[in-house]
Amino acid sequence: MSGKYSREMNDQINSKPSIDGKNTVEFRIAKLNQVWEKAIRMQLPPVRQAELHSDLKIQEKDELQWKKIKAEGMDENGEREAKLRRSFNVILAKYGMDGKKDTRSLESNNLKDHDRTDEDGFDDPRLDKLWNKAKTSGKFSEEEMASLKREFQHHKDKIREYNIVMDTVSRTEEIHKNVITQLEGEVKEHVLHQKHTDLKDKMRDLNQGFERLRKLSHEGFSEDSEFREPRVIELWETARRSNLTDDELDSLKEELKHFETKVEKHSHYQEQLELSHQKLRHVEALGDEEHILRNKEKYNNLAEKTREMGYKMKKHMQDLTSKISRNGLDRNEL
């Protein structure tokens, strides 16, 4: 993370106007600004753009914390740095900015589920088979079908993310073959081992997630279901499999209820942002300047609010994931 992403480059970019002509920039790290400006040029859909902004804010926070740790002489084996590079590559691939032609579906806006037809499927024969079984079983109300579809879509997105991470590991292995020194080779071997460990964890999560979908499709939702949102359900299931005490689980359950409210609120804002964008396009077609300016201001304010809420939600999820993986113990990480 040097060279064109150095302190000098960051200082230069801070003196440049952003792509919309304002004298401010979105991020304190040059490469993140470059990604953001590229996304604007690509004209990503508004919800995808807001999601990208939240992901880049999380990446910025982690990279700035890593720089502080690095300055204190920690991360000697480069494990945290490698993890940051991988997460950055995942962001690029997730939003179609890695220069590769992706045969997987790039569109993953959950709120567009209502626009999908059943024929769209989930890009996985096993998921399609389960979905068709659930759809024809008669066990689910309309509301339960909507919840189940969110879980299926969430699992589809997790499969895609797994494929992206697996691709970055494959590229790392290619680089690993060209190491120069034995010491460099040992460091890269360690990093590669960590990546394979992460991949195994993700595969285990995918298998557990599929098993949950299989059970839901056959048995339906239980009356004592704790949560509705897939990400929250996943966190709760992980917590129940961990070594948390009963008191810690009770405390976490309350926190997850607050988090679920945050997730639902963010989803609502995403939907409102999409509707606001459609209205703005309609008003622009009519050509009334005053009306356009008024709607553009509303749209920009809503986009900013959606980005802010998205960052807070993802930061909260990151904190919850860390808390669960640490079995409730507070330790300093990244």
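Mentor: Helices (H or I, at least four residues) and strands (E, at least two) are DSSP runs, numbered from the N terminus. The structure is a predicted model, in which local features need pLDDT of at least 70 and side-chain atom pairs count only at pLDDT 80 or more, while totals for chains, interfaces and linings use all residues. Residues are numbered from 1 along each chain as its sequence is written, and side-chain values use heavy atoms, with hydrogens and water left out.

Trainee: How many helices and strands does the protein have?

Mentor: The protein has 10 helices and 0 strands, and reading along the sequence gives the pattern α-α-α-α-α-α-α-α-α-α.

Trainee: What share of the residues in the protein is buried?

Mentor: A residue is buried under 20% relative accessible area, exposed over 50% and partly exposed in between, with a 1.4 Å probe and protein chains only. By that rule, buried residues make up 40% of the 334 residues in the protein. As for contacts, meaning heavy atoms within 4.5 Å, those with a separation of 6 or more come to 73% from residues 24 or more positions apart.

Trainee: Is Gly138 buried or exposed?

Mentor: Gly138 counts as exposed, because its relative accessibility is 70%. The C-alpha atom of Gly138 is separated by 9.6 Å from that of Gly220, although the two are 82 residues apart along the chain.

Trainee: How should I read the packing of two helices, and at what angle do H3 and H4 pack?

Mentor: Two packed helices are described by the angle between their axes and the distance between the axes. Axes are lines fitted to C-alpha atoms, for helices over the stretch in contact, and angles run from 0 to 180 degrees between N-to-C directions. Helix H3 (residues 46-71) and helix H4 (residues 79-94) pack at about 170 degrees, with their axes 11 Å apart. This angle makes H3 roughly antiparallel to H4; angles under 35 degrees count as roughly parallel, over 145 as roughly antiparallel, 65 to 115 as roughly perpendicular and the rest as oblique. On the H3 side the contact includes Leu52, Leu56, Trp66 and Ile69, and on the H4 side it includes Leu84, Phe88 and Ile91. By class, this contact of H3 with H4 has 7 nonpolar, 2 polar and 7 charged residues; Ala, Val, Leu, Ile, Met, Phe, Trp, Tyr, Cys and Pro count as nonpolar, Asp, Glu, Lys and Arg as charged, and the others, Gly among them, as polar.

Trainee: How far apart are the axes of H3 and H9?

Mentor: The axes of H3 and H9 are 9 Å apart, and the two helices pack at an angle of about 135 degrees. H3 and H9 are therefore oblique to each other. Pro46, Val47, Ala50 and Glu51 of H3 make the contact with His266, Gln270, Leu273, Glu274 and His277 of H9, a set with 4 nonpolar, 3 polar and 2 charged residues.

Trainee: At what angle do the axes of H8 and H10 cross?

Mentor: The axes of helix H8 (residues 230-241) and helix H10 (residues 289-325) cross at roughly 15 degrees and come within 10 Å, which makes H8 roughly parallel to H10. Here Arg231, Leu235, Thr238 and Ala239 in H8 meet Met313, Met317, Leu320, Thr321 and Ile324 in H10. The residues of this contact of H8 with H10 divide into 6 nonpolar, 2 polar and 1 charged.

Trainee: Why does Glu260 count as buried?

Mentor: Glu260, which is found in helix H9 (residues 246-286), counts as buried because its relative accessibility is 5%. The side chain of Glu260 reaches the backbone nitrogen of Arg228 at 2.5 Å. Not counting residues up to four places away in sequence, Glu260 touches Phe227, Arg228, Glu229 and Val232.

Trainee: What is the phi of Gln43?

Mentor: Gln43 has a positive phi of about 55 degrees although it is not a glycine. Gln43 has its place in the loop between helix H2 (30-42) and H3, and at 69% relative accessibility Gln43 counts as exposed.

Trainee: Where does Lys215 lie?

Mentor: Lys215 is found in helix H7 (residues 182-219) and is partly exposed, with a relative accessible area of 45%.

Key. A polar contact is a pair of N or O atoms within 3.5 Å; within protein, one must be able to donate a hydrogen and the other to accept it, and residues adjacent in sequence count only if both atoms are side-chain atoms.
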